[in-house]
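User: I am new to this structure and would like to learn how to read it. Please take me through the strands, a helix and the surface.

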Amino acid sequence: MAAKGKTKKAKAKQYIIVAEHVAGETLRRVVRVKGRLADNPSISINQACKEEGISRSAYYKYKDNVFAYQSQEGKQLFHFNILTALSASSLSQISQILEPYAEQLQQANQQRVGPNLSQLNLSIWLGSVKIAKQVQEDLRQVRGLQDCKLTSDDMR
């Protein structure tokens, strides 16, 4: 006997671009929080949300689905070559450090290089060498991190 229901295919995300004044105030504030976090890696999500007048729950509800259109003009592509222990803790810490830069992420690759080691290669568009070096320094604080090299096409 054949099944009555059809299997549902996973829908691919579709996006639209709208003018800022058309988006609701909460969405505009989420975009501004994301911008604050990208511009100042030392600020906490809680602090950025307070400064923009939204709750953390509103931020988390929309953060993965609301983006500011950003031209990469004036930015450099920085490459991070990271060698780290394979652990949920270290990968989680790295993810938290990189979260504010998710929209600028050009490429990310992970490869196992040993029984307990992982090689991460990331390319991120950033506004300055200073920001890139701050990200590198933050990454170097991750427990289990063996090495973190930073290069850029302009630095080579």
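Analyst: Start with strand pairing: two strands pair if DSSP finds at least two bridges between them. Helices (H or I, at least four residues) and strands (E, at least two) are DSSP runs, numbered from the N terminus. This is a predicted model, in which local features need pLDDT of at least 70 and side-chain atom pairs count only at pLDDT 80 or more, while totals for chains, interfaces and linings use all residues. Residues are numbered from 1 along each chain as its sequence is written, and side-chain values use heavy atoms, with hydrogens and water left out.

User: In which sense do S1 and strand S3 pair, and over how many bridges?

Analyst: S1 and S3 (residues 117-126) are antiparallel, with 10 bridges. His79 has Ser123 in S3 as its bridge partner, and Ala85 stands opposite Leu117 in S3. S1 also pairs in the antiparallel sense with S4 (residues 145-152), over seven bridges; there, Phe80 has Leu150 as its partner.

User: What do S2 and S3 form?

Analyst: S2 and S3 form a hairpin, with two residues between them. The two strands run antiparallel and are joined by eight bridges. One of the pairs is Arg112 with Ser118 in S3.

User: How many residues of strand S1 are buried?

Analyst: Buried means under 20% relative accessible area, exposed over 50%, and partly exposed in between (1.4 Å probe, protein chains only). In S1 (residues 76-85), seven of the 10 residues are buried, so S1 is largely enclosed by the rest of the structure. S3 is mostly covered, with seven of its 10 residues buried.

User: Which residues of H5 are buried?

Analyst: In H5, Ala132, Val135, Gln136 and Leu139 are buried. They lie on the same side of H5, because they cover an arc of only 100° around the axis. That arc is taken from the directions from the helix axis to the C-beta atoms.

User: Is Gln104 buried or exposed?

Analyst: Gln104 has a relative accessible area of 6%, so Gln104 is buried. Its place is the loop between helix H4 (88-98) and strand S2 (105-114). Gln104 and Ala38 are 66 residues apart in sequence and 9.1 Å apart in space, C-alpha to C-alpha.

User: Is Val22 buried or exposed?

Analyst: Val22 counts as exposed because its relative accessibility is 54%. Val22 is in the segment before helix H1 (25-39).
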